[in-house]
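Subject: Structure handover

Hello,

Here is the structure we spoke about, with the sequence. My notes follow below it.

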Amino acid sequence: MTQTATGKLPTQTDQHDLAAENRALRARMAYLLEQAERNHSIMTRHQAFDLEIVGASNFPELIGTIFRVLPVISELDSVTLTLIDEDADIRTVMLKLDVVFEDFPDLIFVETLDELGFDLGRRNAYSPTPKPQLGMFDRQRHAEPFPNAPAGLQSVALVPLLRNKRIIGSLNLGSCDPTRFTPSLGTDFIEHMASIIAICLENVISNEMLKYIGLTDSLTGVYNRRYIDRRLLEEIARARRQQYPISFMYIDIDHFKRVNDTVGHGGGDEVLREVAGRIKNELRTSDALARFGGEEFVVLLIDANLESAAFVAERIRASVAGSMIALSLELQLSVTVSIGVACLEVGTAEGEPDAIARALIERADDLLYYAKEHGRNRVVSTRED
Ligand SMILES: Nc1nc2c(ncn2[C@@H]2O[C@H](COP(=O)(O)OP(=O)(O)OP(=O)(O)O)[C@@H](O)[C@H]2O)c(=O)[nH]1
């Protein structure tokens, strides 16, 4: 029979106490085991999440994963993301790369650090790390980070996204449980999560910027030849599948050598920028404008037959010729363009997309040459000879 610590045989009361203590210990153990299992499951889910966001290859994929997965694995009722985008560079580049911001209503852009709603005192973007702010949800105070707050949101955590001590935005977490985010709660876990998200964001944003730079003409800001070559192949395949025509314009500024000779290379660059702007104004957002090099531009028009493409080309010609271009140094200059227009009609795109693209470009180039030979400042979409 069991003896007590004093060596005496246990009484019935002692035994009763021991059994109760035993039951309590077992219950405590079961609770701790349950907690450990729960924590393990949370850790596993978060590790899978980390792997998924680290593997995201572009901005929409990363943002989409954060908004889709994080509320589920962290049992949150709202997750939003605020990014500082001072000169709207991120938005401009993403738009150019066809990111549809309407798909991400919980992605918020602000111009300045102050708009993040952190209590930063006299900090600036490079000051030592600010801490997450946890507390009760206040519809007015948190209107900016939670623009679509669900009914019943009770507590929130605004977690700074930091890269090299610089705040790039904030990850905003919301719960309908009032005890979920209280000021006394430890923040190591959410800070760790935010730091991984911040690295992924910065990485994906700089990749997208590089992609954009690689596809853009730095002088005029329109696409470059590499972009159009690639896009043309995609569009030929799509037009073939969906049975619509696409058209291609080759645009060349007339006597551009004379422009350079008259106003210098810098003035010539200004003319190139203005002409690019005037062409762009005549296009739909689905059309793509690129500078092919020198004083040559091309336009790819989606779902446009020869007649409508020639109509747009005529508008472009008229817009360039219609008013003088004002240069800095108070100079004004008249320029004109010649345009060749070719179309890939429905049912004519047989063979390899590569060969079709080449033939389309060559036809537009040939018609441009014809326009030059027949007086310039004109649009040619069919040859009369
Ligand atoms: N300012 C500026 N000039 C450029 C640039 N790239 C090419 N050029 C100039 O564009 C001019 C093209 O001249 P040409 O190909 O002879 O043709 P053009 O004078 O436009 O004559 P047509 O096309 O026959 O009407 C050359 O003087 C080039 O130096 C550029 O990026 N900036």
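What is the handedness of the crossing of H6 and H7? The crossing of H6 and H7 is right-handed. Before the rest of that pair, a word on the model itself.

Confidence

This is a predicted model. Average pLDDT for the chain is 91, and 95% of the residues score at least 70. The ipTM is 0.92, while the pTM is 0.68.

H6 and H7

Helix H7 covers residues 306-322, and its axis and that of H6 come within 9 Å, crossing at roughly 140°. On the H6 side the contact is made by Val275, Arg278, Ile279 and Asn281, and on the H7 side by Ile316, Ser319 and Val320. By class, the residues of this contact are four nonpolar, two polar and one charged.

H3 and H4

The next pair is helix H3 (residues 89-96) with helix H4 (residues 188-214), whose axes come within 10 Å and cross at roughly 60°. H3 is therefore oblique to H4. The crossing of H3 and H4 is left-handed. H3 contributes Ile90, Val93, Met94 and Lys96 to the contact, and H4 contributes Ile205, Glu208, Met209 and Tyr212. Six residues of the contact of H3 with H4 are nonpolar and two are charged, with no polar ones.

H1 and H2

Helix H1 (residues 12-54) packs with helix H2 (residues 59-73) at an angle of about 175°, and their axes are 10 Å apart. That angle is over 145 degrees, which means that H1 is roughly antiparallel to H2. From H1, the residues Arg45, His46, Phe49, Glu52 and Ile53 meet Leu62, Thr65, Ile66, Val69, Leu70 and Ile73 of H2. The contact of H1 with H2 comprises seven nonpolar, two polar and two charged residues.

In short

H3 and H4 cross at roughly 60°, and H1 and H2 pack at about 175°.

Regards

Terms used. Residues numbered from 1 in each chain as written. Predicted model: local features only at pLDDT ≥ 70, side-chain atom pairs only at ≥ 80, totals over all residues. pLDDT = per-residue confidence, 0-100. Axes fitted to C-alpha atoms, helices over the stretch in contact; angles between N-to-C directions. Helix = DSSP H or I, 4+ residues; strand = E, 2+ residues; numbered from the N terminus. Parallel < 35°, antiparallel > 145°, perpendicular 65-115°, else oblique. Left-handed = near helix turned anticlockwise from the far one by under 90°. Contact = placed C-beta atoms within 7 Å. Nonpolar A, V, L, I, M, F, W, Y, C, P; charged D, E, K, R; others polar.
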